[in-house]
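Keep the model open and follow along.

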Amino acid sequence: MLVTIATTGDAGRPATDLGHLLHKHPERHQSFSVTAGTAHVFYPEADERRCTAALLLEIDSVGLVRAAGRGGRRGARPAPGHQAGALAQYVNDRPYAASSLLAVALGQVFRTALRGECRARPELAGRPLPLRITVPALPAYGGPELVRRMFEPLGWRVTADPVPLDEHFPQWGESRYVRLALEGDGVPLAEALRQIYVLLPVLDGAKHYWVTPEEVDKLLRAGEGWLPYHPEHRLITGRYLHRRAALTREAMQRLELARLAEADDAEPEELDNAVPEETEETPGTAGTAGTAGTAGTAGTAGTAGTAGTAGTAGTAGTAGTAEEERQVPLAQRRREAILAALAELGAERVLDLGCGAGHLIQLLLQDGRFREVAGVDVSVRALQFAARRLRLERLPERQRERVRLFQSALTYTDSRLKGYDAAVLCEVVEHVDPPRLPALEYAVFGHARPGAVLVTTPNAEYNVRWETLPAGAFRHPDHRFEWDRARFREWADATARRYGYRVSVRPVGPDDPEVGAPTQLALFRTGTEQDQNRDRDDKREAGA
């Protein structure tokens, strides 16, 4: 297997600086023992105008087979189309065609260069270079078109010439191999090497070793700075991880989190704290009120409970006396109000935006009227808790098909949110910084545009009724604001006009004659004149 890396230069920036970056001297031939055999590094040409480094991997097929027989990690996994049988262990295309074997050798021989380090000349590490990278024989399941889809979005000029099965018999057609040449005018060497490291096994469609959870970390390290933004990042991730569904799902969640964190100029950990460490719950149990949410994401049902509500979210309040009625947790009342509104709408496909640990989703799945429920949160950890709460791995197939969990930030448009009957924002908007609120409004009301949107948020006027809440304090430390009834009505009316919805506002919880209910719910919907009349009735009943 062979790969060459060439660059050009001049007297001011000699091309032989490539040797410093690769940590391999141009005047020496060096050999290294690697997983697949022996890697040779040499320079076919090296002067100030042009320098080419070559990595030649000499495969030890017998050693690979023996390692597999001993149960070693080096055991080969044949790619699709490889011959079966004992002889195929020794005689196949591995010594000639680039594959994950070459990618592993690149990682071992050029480890420091992949990390973007240059001890002798630190100033060279991040310098963009004119580069030309060639791979004479590259397996490409998907043909030259797939090769271009992989490399062109990264800024490379791509030449991918199909290799004929036999040059003397052109009628036999083309093989699955291409001669690859990549040219870039200003690419840091470390970034180019990381792209090759990831995409070689992706194009080959196979790996020579068993894929373990460690591969997710390798992919994310090598893909830092380019993979989250690649238009084919889903395909790349799936192929790199050998289509292992659980690993691919984990990698996609972490890639999305990295993209969102960079867009928000934050660390991924800052976005992934929607569920505190101490709230790890056993599947199926109810979380305590106030498990909270992150800025721009969702608070889980029950955030208001931190200010002194009775009991924990999900405990049962029994009907009876007025005192017992007051003891029903506010989180439970909110969810009951949401379920009633969804039933009124006749919604069958529902989005829980900012689903947190999945309390509302759990209730929706218990009601057969909802044939599809999707939970969305920016926090990977919150989604993991939701999956555990819902026992997704143990659900019968028909039940499992009703629920989806995926990561997304509500301040960014996401086409996966389109086409639903109703969307729920339960105690979410108050966690969003006010300057980001218009972005959330557009993403939900303008882009996703479900048939109805339910929004619940605290009523700031009711805060005086919480004896344990200091004057002027919010109910949760992550709240960016809390609206009184007039401000919430103003926001709801303006949003409805802007995006072509109609809205009615309802109280949730005990309705105090002086300060109103502790929670306020806005129901946005589209519909007929009959719906408009019903909205007006709702407003009259609410004292509008």
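Strand 5 and strand 7 (residues 174-188) run antiparallel to each other and are joined by nine bridges; strands here are DSSP runs of E with at least two residues, helices are H or I runs of at least four, and both are numbered from the N terminus. To find your place in this pairing, look for Ile133, which sits opposite Leu182 in strand 7. Bear in mind that this is a predicted model, where local features need pLDDT of at least 70, side-chain atom pairs count only at pLDDT 80 or more, and totals for chains, interfaces and linings use all residues. Residues are numbered from 1 along each chain as its sequence is written, and side-chain values use heavy atoms, with hydrogens and water left out.

Strand 5 (residues 128-139) also pairs with strand 1 (residues 2-8), again antiparallel, through four bridges; two strands count as paired if DSSP finds at least two bridges between them. Here Thr4 faces Thr134 across the pairing.

Now zoom out: the seven strands make an open, antiparallel sheet in the order 2-3-4-1-5-7-6. Strand 2 (30-34) and strand 6 (157-164) are the edges, each with a single partner strand, so one side of each has no neighbour in the sheet. From one strand to the next, the twist averages 15° (axes are lines fitted to C-alpha atoms, for helices over the stretch in contact, with angles from 0 to 180 degrees between N-to-C directions).

Finally, the helices. Helix 6 (residues 189-204) lies across strand 1, strand 5 and strand 7, at about 15° to strand 5, contact meaning heavy atoms within 4.5 Å. Helix 5 (residues 143-151) lies across strand 6 and strand 7, running at about 160° to strand 6.
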